[in-house]
Amino acid sequence: MSRFSRHAFATAALAALLVACGGPGTDAGTGTGATTGKPASTPSSSAPPPAKPVSAMGRSTPVGLRIPAIGVDTPVMKLGLAADGSVQVPPIQANDRAGWYEHSPTPGQTGPSVILGHVTVGADGDGVFRHLKDLQRGEKIVARLENGTAAVFAVTDVKTVAKAHFPTDEVYGDVDRPELRLITCGGARTGDGYRDNVIVFATLSSASP
């Protein structure tokens, strides 16, 4: 992706998440608020990220996402662009799903694959990524792919950042290995959403049938 297209995508995605991460009747997020582009909190763990590079996988659409440490096991829907040019987000409903942005690499391909999810879903309660901020370095994320394989990632970082200082290049910039980005809202609740974003960074650790 070019720098211009990355910036346009990030701006649209954040605008969508600002509105859609919560709704009337939900409690505020419990993430630590950030006032700068630096992470407000970064969980630590003795588990290191993968030491050896793993070969990139072929393109295959993600159909499921499992994060054992926070009890996530969800189907994954495909997200494109809405009529106004903003990035679509999953519908706000009970038993909501995560959504993969179809113009990013698929999980396991070289580059940053982007998956979005809600932290709360209006009167329906917790969103699929409610506990995303609690992930620790080294914990496992498994993306199930349409071709029957699975891309297994290890968390390398978790950041809570102010939406006003979203790290566009860090999240959407080109990388030379397969990586994953999980994004939701977090921090203090405002009148129309949440003040911050929670971003999980992960690197491919293995591929399995």
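Tutor: Welcome! Local features in this predicted model need pLDDT of at least 70, and side-chain atom pairs count only at pLDDT 80 or more, while totals for chains, interfaces and linings use all residues. Residues are numbered from 1 along each chain as its sequence is written, and side-chain values use heavy atoms, with hydrogens and water left out.

Student: Why are β7 and β8 called paired?

Tutor: Pairing requires that DSSP finds at least two bridges between two strands. Strand β7 (residues 178-190) and strand β8 (residues 193-208) have 10 bridges, in the antiparallel sense, so they are paired. One of the bridges joins L182 to V200 in β8.

Student: How do you know that β1 pairs with both β2 and β5?

Tutor: Strand β1 (residues 62-67) has 4 bridges to β5 (residues 140-145) and 4 bridges to β2 (residues 72-79), so both meet the cut-off. Both pairings are antiparallel. R66 stands opposite V142 in β5 and has D73 as its bridge partner in β2.

Student: Which strands make up the closed barrel?

Tutor: The barrel runs β1-β2-β3-β4-β7-β8-β6-β5, with mixed pairing.

Student: What does "buried" mean for the 209 residues here?

Tutor: Buried means under 20% relative accessible area, with a 1.4 Å probe and protein chains only. By that cut-off, 51% of the residues count as buried.

Terms used. Buried < 20%, exposed > 50% of the residue type's maximum accessible area, 1.4 Å probe, protein only. Helix = DSSP H or I, 4+ residues; strand = E, 2+ residues; numbered from the N terminus.
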